[in-house]
Amino acid sequence: MSVNIAARPETRAKRASGPSPAPQRDRRGTLRQRIWRERWTYTFIVPGALFFLVFAYAPMAGNVVAFQQYSPFRGFAGSPFIGFANFTVLFQDPAILQALENTLVIAVLQLVFAFPAPIALALLLNSLISDRLKRMVQTVVYLPYFLSWVIVISVWQQVLGGGGLIAGLLDGWGASGFDAMTNADTFKLLVVAQNIWKDSGWGTIIFFAAIAGIPNERYEAAAIDGATPWQRTWHITLPALVPVATLLLILNIGSILTVGFEQLLLQQPMVGAEASEVLDTFVYFRGVLGGQWGIATAAGLLKGVIGTILVLSANRVAKRLGGEGIF
C-alpha cells in the first residue's frame with residue numbers, strides 16, 4: 001500500500017524552480033590571471049612603455065643636479081649638495097629674466113596665431129569642392145613639416161634675407177635695405193610665422209579626422225532648413241572640433257615654455273641674444289657650453305614645474321567650463 005505524503009511548500013518551490021544555479025566565479029580573476037589573459041595586449045604596450053621609461057622617466061633622476069655643485073668628474077654621488085643655492089643664483093641672473101620674457105612672448109604669440117592656424121586651414125580645405133584639388137593642396141602644405149629647421153631657415157633666408165628674393169625686388173623698385181631675418185624688433189613675429197608655415201599643414205590631420213566623423217545627415221538637414229555654408233560651419237563643424245581643440249590646447253599649454261630650441265639657436269647670431277634668448281637656449285649655453293650644470297638644471301626643472309602647473313590648471317578650467325579635459 002502506497003502512502004502519498006504532501007510535500008512541504010518549500011520542497012514544491014524547489015521542484016518547480018529546478019536545481020539552484022551554481023555560484024558564479026569572479027571572471028576577472030587575480031591580477032596575474034588578468035595579465036596572462038591579456039598578455040598579447042600588454043606585449044604591444046611594452047615597446048612604448050619602455051620608450052617613455054628610458055627616455056622620459058629615467059632621465060628625471062638627473063634633476064638632483066639642480067641641488068648639487070655638480071661636476072661630471074665626480075658624478076652624482078661625489079658632487080656635494082648645496083640645497084637651493086643654484087636657484088638663488090638663477091633668480092639673481094638678469095639673463096634668465098630676459099630669456100623668460102622672450103619665452104613667454106613667443107609662447108603667447110604662438111597660442112594666439114599658430115594654434116588656430118591648423119583649424120582655419122582644415123576648415124578652408126574642407127570647403128573645397130574638388131577632391132583632386134583638396135588632395136593636391138594637402139600634399140603641398142604637409143611637405144614643410146618633414147623639412148629640418150636648417151633647411152627651413154635657409155629657405156626663409158633666401159626669400160626674406162638681405163640678399164633674398166623680396167630684397168632684390170625692392171631694390172629694383174628703389175627701396176633698398178630690406179632684411180627681415182636680422183630685424184630684432186620683428187623677430188618674434190617671424191618665429192611664429194615660421195612655425196605656422198612649417199607645422200600647420202601637419203596639424204590639420206587631427207582636425208580632418210574630427211571633421212570626417214561628423215555625419216553628413218547633419219549638413220544635409222541644415223541645408224534643407226536653409227542654412228548657408230558659413231552657418232553650417234559655425235553650428236555643425238566648429239562644435240565638433242571643440243573637444244579635439246581643447247585637448248590640444250591643454251597639451252600646448254603644458255609645453256608653452258618650449259618654443260623651439262633649434263629654430264632659435266640657428267637664428268640667434270643674426271638678431272642677437274637679447275631678442276632670441278629663451279629658456280632652452282639659456283640651458284644650452286649655461287650647461288653644455290658653460291659647464292654650469294647646476295644652474296642649467298635648475299632652469300630646466302623650473303620650466304618643468306611651471307609646465308606641470310599650467311597643465312593641471314588648464315585641465316581644471318576646461319572641466320569647469322563643461323569640457324572633458326585630458327584626465
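**Helix packing and nonpolar cores**

The crossing of α7 and α11 is right-handed. The model is a predicted one. Helix α7 spans residues 116–126, and its axis lies 7 Å from that of α11. The two helices pack at an angle of about 60°. This angle makes α7 oblique to α11. On the α7 side, the contact is made by Ala117, Pro118, Ile119, Leu121, Ala122, Leu123, Leu125 and Asn126. Helix α11 contributes Ile196, Ser200, Gly201, Gly203, Thr204, Phe207, Phe208 and Ile211.

Lys198 also belongs to α11, which covers residues 187–212. Lys198 counts as buried because its relative accessible area is 7%, under the 20% cut-off. A polar atom of the Lys198 side chain lies 3.3 Å from the backbone oxygen of Leu147. Leaving out residues up to four places away in sequence, Lys198 touches Pro144, Tyr145, Leu147, Trp149 and Val152.

The largest nonpolar core holds 29 residues. Within this core, Leu90 and Leu264 touch the most other members. At least two residues each come from α5 (85–91), α6 (94–114), α9 (149–160), α11, α14 (261–271), α16 (279–289) and α17 (293–320). Helix α9 gives the most, with five residues. Beyond its neighbours within four places in sequence, Leu264 is in contact with Ile106, Phe187, Val191, Val259, Ser276, Val278 and Thr281. A second core is separate and has nine residues, among them Phe115, Ile119, Ala210 and Leu241. Ile119 is also one of the α7 residues that make the contact with α11. In soluble globular proteins, nonpolar side chains tend to be buried together.

Note on methods: Residues numbered from 1 in each chain as written. Predicted model: local features only at pLDDT ≥ 70, side-chain atom pairs only at ≥ 80, totals over all residues. Heavy atoms only, no water. Helix = DSSP H or I, 4+ residues; strand = E, 2+ residues; numbered from the N terminus. Buried < 20%, exposed > 50% of the residue type's maximum accessible area, 1.4 Å probe, protein only. Polar contact = N/O pair within 3.5 Å; in protein donor to acceptor, adjacent residues only side chain to side chain. Contact = heavy atoms within 4.5 Å. Core = buried A, V, L, I, M, F, W, Y, C linked by side-chain atoms within 4.5 Å. Axes fitted to C-alpha atoms, helices over the stretch in contact; angles between N-to-C directions. Parallel < 35°, antiparallel > 145°, perpendicular 65-115°, else oblique. Left-handed = near helix turned anticlockwise from the far one by under 90°.
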